Amino acid sequence: MYLLNRVQRHRVNSTWMVISLALVAFLPFLLFIGLYLKSAMLLRDYSLFDLVFSKIWKPSSGQFGFYPFIVGSVWVTMLAMIITAPVCLLTAIYVTQYTRKFVLRIMHPAIDILAGIPSVVYGLWGILVIVPFISRYLGPWLEVKTMGYSILAAAFVLSIMIIPFVLNILIEIFKAIPVELKEATWSLGATEWQTIKHVLLRKALPGIIAAFGFGLARAFGETMAVLMVVGNVVKLPKSVFDPGYTLPALIANNYGEMLSIPKYDSALMFAALLLLVVSLFFNLVMHFFIVKFNKY
Amino acid sequence: MEHETKIEIRDLNVFAGKNQILKNINIDIPKNKITVILGPSGCGKTTLLKCMNRLTDLYPELKVSGRIMIDNNNILAAKEDIYKLRQQMGLLSQRPYPLPMTIYNNIAYALKLRGIKKRREIHKLVLHYLQQANLWDEVRDRMREPAVRLSIGQQQRLCLARGLAVNPEIILADEPTSALDPISSQFIEETFSKLKNDYTIVLVTHILRQAKRIANHVVFMYLGEVIEQGSVEEVFGNPKMEKTKLYLGGTFN
């Protein structure tokens, strides 16, 4: 016999569920509040506008301009998405619509393996392959001076890293479209391409946006691989062949060091807060589009 | 036979791997009549229907052999422009699958595939086909709404209108009322009875009463074979084969 009757057991079990839910729901809030309190010291002495848009970063003389880091992060992320998006979309359409089923059965584990490689390994690969490729071949070919460590190198490594994630989601989305919908447009005399363009892409649109948003968030927060190839120079990049610096790299490179400089600690926390807010913003925008396109 | 044959199926065999789904099918489908294909679930009715507009191409695992002659043209041998060929037939599936667009664009899409580009003509024809499918009065104020907001019965009529919009000569319907409520089913049946003057209709169903109500010609299938075919009076009134008698008597399903 049980100690409690079944109604009591139901109450106890659901209490645990509520507690777990509360934990999951409140953790981001706590994180946000913690970061805010920690960076409050910086925010008290400088205006938010100055912090975000000032270009000069000299912590030792009390100048904290985050603009180069923000620009660096945005460039790297956007460029990575520009590479990732078409590659993933075309691959996903090709494997789900044009090939036989066994191709997908082979590809799925391969993609999973790629997704499981630690980012440090990607970073190393970037240093050994991508950086020399850019400095020795791509740069001279396009007649630009570059040392290889650059926004482009970071974007490239980053896109290789997020492609497996985005691709996996996209494949699932295209697989979930009922074959009857395809039959419906085929029976109207649509060609394969017309079916994809007018029906499948439209049906999958909310999912495609979600997949890209997920990739974007991952790319924006990725630290290690980017830090290894981006160059880590605090300067506004003029082209994609220039080195840059990203927000996550700033935190990872400096936290725990030079904390004797006044407000440095607070400034790094502010960088983390910025990261959090930007990710939140991406999520909201993504959500808006998903709701907008999901009505069909 | 006094009436013209529209579709002539000869020695049709369909294999899925080693599994034979259709065995030596020979059917004559009369023009401008409702032909009902009757039989228990899993007897190959749907596959037969899909052969007629080459939707079997979507499934590379299916091997199709034999001949399906439509107006003396073997569609199974057709190499070029299968897309044009499919437009000779409108398809109505078991559940409605409206395209992910507005009600208006569901029809307009089909019209554009047919090659109609002028906006004014599209406007006129959208209205025409919605009226033909008995839907216009219910959607006249909702043309810009997503099609999925319609009820299932309305969606099915929208799919019918969409199928008619490619200007087919044949309508293929695969248990089109199985997901619908009685009133929507009645709507579809009435529409079919009206449409048969201009279209050759092939209706797959397992509802005996529906077959009796609207069929002119009946084909009874069992386990991938045609057991009996003939006019509705012949098959229902005086079945020759033992299996047909049993099925019509409700002994097996």
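How many bridges join strand β3 (residues 34-38) of chain B to strand β8 (residues 200-205) of chain B, and do these strands run parallel or antiparallel? Five bridges join β3(B) to β8(B), and the two strands run parallel.

## Basis of the report

This is a predicted model, in which local features need pLDDT of at least 70 and side-chain atom pairs count only at pLDDT 80 or more, while totals for chains, interfaces and linings use all residues. Residues are numbered from 1 along each chain as its sequence is written, and chains are lettered from A and ligands numbered from 1 in the order in which they are written.

## Chain B as a whole

Chain B contains 10 helices and 10 strands; helices (H or I, at least four residues) and strands (E, at least two) are DSSP runs, numbered from the N terminus. The radius of gyration of chain B is 18 Å, close to the 18 Å given by the globule rule for 253 residues, so the chain is as compact as a globular protein of that length. This radius is taken over C-alpha atoms, and the globule rule is 2.2 Å times the number of residues to the power 0.38. The C-alpha trace of chain B spans about 55 × 40 × 35 Å along its principal axes.

Of the 253 residues in chain B, 44% are buried. A residue is buried if 20 or more other C-beta atoms lie within 10 Å of its own, exposed if 12 or fewer, and partly exposed in between, with C-beta atoms placed from the backbone. Among the contacts in chain B with a separation of 6 or more, 68% are between residues 24 or more positions apart; two residues are in contact if their C-beta atoms, placed from the backbone, lie within 7 Å.

## The six-stranded sheet

Chain B has an open sheet of six strands in the order β6-β7-β8-β3-β9-β10, with mixed pairing. Two strands pair if DSSP finds at least two bridges between them. The edge strands, each pairing on one side only, are β6 (89-92) and β10 (225-231) of chain B. From one strand to the next the twist averages 15°. Helix α6 (residues 152-165) of chain B packs on the sheet and touches β6 and β7 (170-174) of chain B, and its direction makes about 165° with that of β6(B). Axes are lines fitted to C-alpha atoms, for helices over the stretch in contact, and angles run from 0 to 180 degrees between N-to-C directions.

Within the sheet, Ile37(B) stands opposite Val204(B) in β8(B). Strand β3(B) is also joined to β9(B), in parallel, by four bridges, and Thr35(B) has His217(B) in β9(B) as its bridge partner. Strand β9 (residues 217-222) of chain B is mostly covered, with five of its six residues buried. β9(B) pairs with β10(B) in the antiparallel sense over six bridges, and here His217(B) stands opposite Ser231(B). These two strands form a hairpin with two residues between them, and Leu223(B) in the turn has a positive phi of about 45°.

Strand β1 (residues 5-16) of chain B is joined by eight bridges to strand β2 (residues 19-30) of chain B, and the two run antiparallel. Ile7(B) has Ile29(B) in β2(B) as its bridge partner. The hairpin of β1(B) and β2(B) has two residues between the strands, and Gly17(B) takes a positive phi near 65°.

β1(B) also pairs with strand β4 (residues 62-70) of chain B, in the antiparallel sense and over eight bridges. In this pairing, Phe15(B) stands opposite Lys63(B) in β4(B).

## Contact between the chains

Chain B places 22 residues in contact with 20 residues of chain A. On the chain B side, the elements that give two or more residues are α2 (82-86), β6 and α3 (103-114). This side has 16 nonpolar, three polar and three charged residues. Ala, Val, Leu, Ile, Met, Phe, Trp, Tyr, Cys and Pro count as nonpolar, Asp, Glu, Lys and Arg as charged, and the others, Gly among them, as polar.

Most residues other than glycine have a negative phi. Asp71(B) has a positive phi near 50° and is found in the loop between β4 and β5 (73-74) of chain B. With 12 other C-beta atoms within 10 Å, Asp71(B) is exposed.
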